[in-house]
Amino acid sequence: MHVRSILLSVCLAASLPTLHAAGPLIPVEAFVEEEQFSHPQLSPDGKHLAINVRMQRGGRTIPTMTVYALPGLQVVSIIALPGFEIPLGFQWITNRRLIVRKGLEIGLREQPVATGEVVAVDLDGKNQEYLYGYKAFKQSSRGDRYGDDYGWARVEHIPHARDGHVFLGTHLWEGNSSLLYDVNASSSARKLVADIPMKDMDFVFQNDATPRFATGENDDNEPVLYRRDDAGGKWAVVDGKRLGASYHAFAFTPDDGAVYVSYSENGGPNVLMREDMRTGTRTTLADDRFGSMGTTMFTARPRVPFAVVNQVGIPKARYLDDKLPDAVLHKTLSGLFPDAFVTFINHTDDGQKLLFGVASDRDPGSYYLYDKATAKADLLFSNMQAIDPERMAPRLPITFTARDGLSLTGYLTLPANPAKQKLPMVLMPHGGPFGISDDWYFDGDAQFLASRGYAVLQVNFRGSGDRGVNFKHAGYREWGGKIMDDLVDGVRWASAREDIDGARVCVFGASFGGYAALMLPVREPSMFKCSVGYSGLYDLASKYDDEGVKGEKQATNYFIKTMGNDPATLAAISPARLADRIKLPVLLVHGDKDKRTGLGQAEMMRDGLTKAGRAPEWVLVKNEGHGFYDSAHRKEFYQRLEGFLARYIGK
C-alpha cells in the first residue's frame, strides 16, 4: 500500500512496504518535478486550508497561495502575486484573514529572498491591505501618512485573541535599530511598541502578547539578547555570560512563568531547556551528545512542547511528556507510518483538528488532516506524485572518523544491487558551507543518481550545521583545507566498503559544492574520474565584490571570519587560479542571471581550464539564476549529468 494514498483510522494498524524495488528505468521527468505543495496552514476554525501550490506562469512554476474549503477541498481563491513574486509564508490572523510575507525566487539552489513586504488579505482574495514595504505609498491605504518604508519586515507574533492585529518587526535598510509595531491588519494603522538600538533583531512574545526578548547578532556576528522589564517596559542587554555559546528563546509556558530555549553552554550541540523567568533556573528537557535538538512540536492550546526531534541521523521524536494526549496521538500515527516521520504542523484553536505531514528518505511527503472526533486522518495532498517510494533508494546514516580524530556524519544512498556488484559512486558536497547540512529526507539529486545505478555519498563536513557552534567554527577558514580533508576521508571510508568501487568516483556539487567539486581534483588528482560544478564559486577573493557583500559591514565581517581576506591565501585555494592542476574531465553548468555566484565565476573557471588545455563541457542557460527553475532546463541538466557520468564511471 502506498504511504501517500491511504485513508487511515488511528484505531487500525497499517502494513507498508519497506524494501527498495528494482524495475524499468525511472523517467528523468519524475525527478524534474518540484514539490507542488508547501507551507500548509490550517485555519483557526478548521474550515479552510491555505497552502502554496506551484502553478505554471511564464514558462516556470510559481508558488501561488491557494485557499481550500474543508473537508471537500473546493478552491476558494487563488492569490497570485505579480511577476515572480511569491508568498514566502503566511499565517491566519482570524478565521477569514491571512498575513502574507512576500519574496522572490532567484534560484533553485537557494532559498527564496524576502522582499520585506507584508500584506494582509481575506481568504477569498479580497480586501488586500499593504502593511509594510517599499511600495507603501502607492499600495497602502495609509501610504499618504507613512510613505514608503525604506526597510523590511517580518511577522513576529499573532495574538491568541485573534483580534485582527499582528506584530511586525521592522528593520531599516540604513540604520542600526529594530522597530516593533502593533499593526491593525485591516486598516494598516501602526503603533510603535519597541525600539531596540541594534539591527535585525527577532522578538519573542509571551502568551499574553507582551514582547519579552529581542535576539540577534552584532556586527561581529556574536549573539546579543535584550530583555524587557515589567516596571517601565525598558529594554536592557542581558549579560553575555548567561548566553553561553548559543542561546535562542522561542516560546513561553502557558502561564508565561518560564521560557523554552535552544541553548549551548560551551559550543556543543544545542539542547532544549526551560528557563524560569523569575529565578533564571534552567532545566534540560532534551539533549543529544552528537547533534542539536531541532524541531519542537507543540500540543494544541494551551501550547506545550511535547516532543523535540534530533537533527543528525534518522529523525526520531523525543517525548518530553509521553502521557500528553498529543504525544499519544503522535506515537499512534507514527506507528502507521513506520518508515517515515510524522510532523505536527498546526491545530485548530479548539484542538479538535490537526494538520500533519508525513515524509521519509524515499517519499517526498504528504499532508493529512486528522479529526479527533472521528479518529480519522484524510489525505489532502502528495508531492512529486510521479515518484514511487517503493522504487527509491534508502538513505543510510553514516559515521566515520576524520584523519584528525573528529567524528563526522553523513548519508549514503544506495541503489538496488541484487547482484552484489561494486557500485560506482558520486560524492555530492552540500552548499553553504556553514550552518547547512544534508539530512535524511528525500533528496532529488541523490535519488536520481541512485536510480541510474550510482551510490551517492554526502558528508556533513566540519562547518556544517546541526552539531553546535564549535563544529561550525571548526570549518572557518578551512575552505580548501580541512573541509576538503573531510570529504576525501569520507570517500576513503566509503571506498573501503565491499559494495563501493573506489576506482570509479566522481564529484558533483552546487554552489559551495561546486567549489568543492573543482577544488578536490586539485587536492587529490588521482581520487576522482570526473567533476561537475553547478552554479559554483571558483574564485574566493572576488566574493568581496558581490552585491550584498561589498559595503555591507556585517556581511564583510562574516566572510573575513569564515573565509579570510588575504589575497595570496585565497588564490592558493581558488580552483579558478589552479586550473592547470586539474587533469580530469569537467562539466560546468551555470545560469546567466546567477547573483549568488555570478557568471564571471564560471567563465573564469572555464577559461582557466581551456588555457590549460582541458576545456570543460560548458552549459550556460539563459534567464536562470542560482539553480534552474524551468522544468525543461532541469531535465536537460539531468540528462547532461547522466551522460557525463556514464562516460567516465558508468558501466
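Is Lys420 buried or exposed? With a relative accessible area of 71%, Lys420 is exposed, where exposed means over 50% relative accessible area, buried under 20% and partly exposed in between, with a 1.4 Å probe and protein chains only. The model is predicted, so that local features need pLDDT of at least 70 and side-chain atom pairs count only at pLDDT 80 or more, whereas totals for chains, interfaces and linings use all residues. Residues are numbered from 1 along each chain as its sequence is written, and side-chain values use heavy atoms, with hydrogens and water left out. Helices (H or I, at least four residues) and strands (E, at least two) are DSSP runs, numbered from the N terminus.

**Backbone: positive phi**

- Lys420 has a phi near 55°, a positive value in a residue other than glycine.
- The loop between strand 30 (407–413) and strand 31 holds Lys420.
- Ser188, likewise a residue other than glycine, has a positive phi near 70°.
- Ser188 is placed in the loop between strand 12 (178–184) and strand 13 (190–196), and its relative accessibility of 0% makes Ser188 buried.

**Backbone: cis peptide bonds**

- Arg301 and Pro302 are joined by a cis peptide bond with omega about -10°.
- Pro302 belongs to the loop between strand 22 (293–298) and strand 23 (305–310).
- A cis peptide bond also runs from Gly432 to Pro433, with omega near 5°.
- Pro433 sits in the loop that lies between strand 31 (423–427) and helix 5.

**Packing of helix 5 and helix 12**

- Two packed helices are described by the angle between their axes and the distance between the axes.
- For helix 5 (residues 444–451) and helix 12 (residues 631–649), the axes come within 11 Å and cross at roughly 45°.
- Axes are lines fitted to C-alpha atoms, for helices over the stretch in contact, and angles run from 0 to 180 degrees between N-to-C directions.
- Helix 5 and helix 12 are therefore oblique to each other; angles under 35 degrees count as roughly parallel, over 145 as roughly antiparallel, 65 to 115 as roughly perpendicular and the rest as oblique.
- Gly444, Asp445, Phe448 and Leu449 of helix 5 meet Tyr638, Leu641, Glu642 and Leu645 of helix 12, contact being heavy atoms within 4.5 Å.
- The residues of this contact between helix 5 and helix 12 comprise five nonpolar, one polar and two charged, with Ala, Val, Leu, Ile, Met, Phe, Trp, Tyr, Cys and Pro counted as nonpolar, Asp, Glu, Lys and Arg as charged, and the others, Gly among them, as polar.

**Disulfide**

- The model has one disulfide, defined as a pair of cysteine sulfur atoms within 2.5 Å.
- Cys506 and Cys530 form this disulfide, at an S to S distance of 1.6 Å.
- Distant parts of the chain are linked by the pair: Cys506 is in strand 33 (residues 500–510) and Cys530 in strand 34 (residues 530–534), 24 residues apart.
- The torsion about the S-S bond of Cys506 and Cys530 is about 110°, so the disulfide is right-handed.
- Cys506 is buried at a relative accessible area of 0%, and Cys530 is buried at 0% relative accessibility.

**Surroundings of Phe205**

- Phe205 is part of strand 14 (residues 202–205) and counts as buried at 8% relative accessibility.
- Apart from neighbours within four places in sequence, Phe205 contacts Glu156, His157, Phe167, Leu180, Thr210, Pro211 and Phe252.
- From Phe205 to Val238 the separation is 33 residues in sequence and 17 Å in space, C-alpha to C-alpha.
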